[in-house]
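Here is a quick briefing to read with the model open beside you.

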Amino acid sequence: MASSQILMVALALLMFITACQLSPAEANFRKSTYFYWGAQHSAVLGNGDELQLVLDQTSGSGIKSKQSFLFGSIQMLIKLVSGNSAGTVTAYYVSSTGDRHDEIDFEFLGNVSGQPYIIHTNIFTQGNGSREQQFYPWFDPTAAFHNYTIHWNPSAVVWYVDSIPIRVYRNYENEGIGYPNKQGMRAYSSLWNADNWATRGGLVKIDWNSAPFIARYRTFRGRACKWNGPVSINTCAATTPANWWTSPVYSQLSVAKLGQLKWVRDNYMIYNYCTDTKRYNGQVPPECSKPQF
C-alpha cells in the first residue's frame, strides 16, 4: 500500500475513533441514565440530549447512570436554578452504595436573588467524608450552561469547572489515608430541598412562591472505565494505552493548570476543611499535611 493510502486509512481511523468518543449516544440521557426519584414532574427532552430536574412542594427529582465506573472523567453541562434559589441544592456526584461507600461530590447551594451560589465539594472514602471545600463561582451559573467534570485516576481526583481545576485530592493510601479506588461508582444528579442547612446554615428557607425550581442539563458523558466487579480494581488501574487516564500526563497538573488552580483558590475559595483547625481541635486531617497538588 502506498504511503498516501496508509495516511488516508490512518486519518479515517482517527476520525472514526473521534466520532465514537463524541457519539451523541454517549451524551443521551434517555439511553445512559434513568430517574430514581421524581420522574413524574421531570423530563428528558429533544432526542434525549437535554434534561430538566424539578423541585416543587411535592418532591424533588434525580437521575443516576445505568453504568458504574472506576477512573476516568464524568462530565455534565448544567444551568442552575435561577432567581431566588435559597434552600435548594443541585447535586452532581459519583457514588458507590452501602455504609462504606466512596463518593465524589459537586453540590450547588442556592441563594437569594442577587447573591452568589456556593460550589460545595466533598469526597468520601469507605464511608468517611467531612472533607469539604467551597467556592464562589466567577460567573453566573444560572445564565448559561457550564461544564462540571469529575476526573479521577489512581493518582488523584480533580474537580474541574469549564476545564479549570478548582480542587485536587491526591492518593495517599500507602500512608493509611483513604482513596476511592476499589468501588464502582454511578453518576448521579438531583435537585432537592435542603433548607435545613444549605443557605446560611438553614436560616433562609425555600420560598415556595418561586416554585417550581428547574435545573437544566445537557451532555452527560462518561469517558471512564466501566465497572465489571472486583476484577475492575486491577483492570481499570492498569497502565495501558486504552486506560488513557493512567497516562503520566494525568498524574500531575501541568504548570498552566496549576496556575489556574491557584487563581481560583486565591480568589474564590471560601472554605477549606484543611485550614479549619477549630473544627479539629487544633489538628487537621492527615492528608492536609501532605503535598496537595
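**Briefing: what holds what**

Cys274 and Cys288 form a disulfide, with their sulfur atoms 1.9 Å apart (a disulfide here is a pair of cysteine sulfur atoms within 2.5 Å). This is a predicted model, so local features need pLDDT of at least 70 and side-chain atom pairs count only at pLDDT 80 or more, while totals for chains, interfaces and linings use all residues. Residues are numbered from 1 along each chain as its sequence is written, and side-chain values use heavy atoms, with hydrogens and water left out.

**Disulfides**

- The structure holds two disulfides, and numbering the bonded cysteines in sequence order gives the pairing 1-2, 3-4.
- The S-S torsion of Cys274 and Cys288 is about -75°, so this disulfide is left-handed.
- Cys274 and Cys288 both sit in the segment after S14, 14 residues apart, and both are buried (buried means under 20% relative accessible area, exposed over 50%, partly exposed in between, with a 1.4 Å probe and protein chains only).
- Cys225 and Cys236 form a disulfide too, with sulfur atoms 2.1 Å apart; the torsion about their S-S bond is about -80°, so it is left-handed.
- Cys225 lies in strand S13 (residues 213-226) and Cys236 in the loop between helix H3 (232-235) and H4, so the pair ties together parts 11 residues apart in sequence. Helices (H or I, at least four residues) and strands (E, at least two) are DSSP runs, numbered from the N terminus.
- Cys225 and Cys236 are buried.

**Salt bridges**

- There are five salt bridges in the structure (a side-chain nitrogen of Lys or Arg within 4 Å of a carboxyl oxygen of Asp or Glu).
- Arg131 meets Glu287 in one of them, at 3.1 Å from N to O. Arg131 is in the loop between strand S7 (118-124) and strand S8 (133-135), and Glu287 is in the segment after strand S14 (269-272), 156 residues apart. Both Arg131 and Glu287 are buried.
- Lys290 pairs with Glu175, their closest N and O atoms being 2.4 Å apart. This pair links distant parts of the chain: Lys290 is in the segment after S14, and Glu175 is in the loop between strand S11 (164-170) and strand S12 (185-193). Lys290 is partly exposed at 26% relative accessible area, and Glu175 is partly exposed at 44%.
- Lys262 and Asp266 make another, with closest N and O atoms 2.6 Å apart. They are four residues apart in helix H4 (residues 255-267), so about one helical turn separates them. Lys262 counts as exposed at 53%, as does Asp266 at 52%.

**Nonpolar core**

- The largest nonpolar core has 53 residues, and Ile74, Ile104, Phe106, Phe108 and Trp152 touch the most other members. A core is a set of buried Ala, Val, Leu, Ile, Met, Phe, Trp, Tyr and Cys residues joined through side-chain atoms within 4.5 Å.
- Strand S4 (residues 61-79) supplies the largest share of this core, seven residues.
- A second, separate core of six residues includes Ala156, Val158, Tyr160 and Leu261.

**Surface patch**

- Tyr34, Tyr36 and Trp37 make a nonpolar surface patch of about 270 Å². Patches use residues with over 30% relative accessible area and no salt bridge, joining like charges within 9 Å and nonpolar side chains (Val, Leu, Ile, Met, Phe, Trp, Tyr) within 5 Å.
- Trp37 is in strand S1 (residues 33-37) and is partly exposed at 32%.

How values were computed
Areas by Shrake-Rupley, 256 points an atom, 1.4 Å probe, with all protein chains shown as cover.
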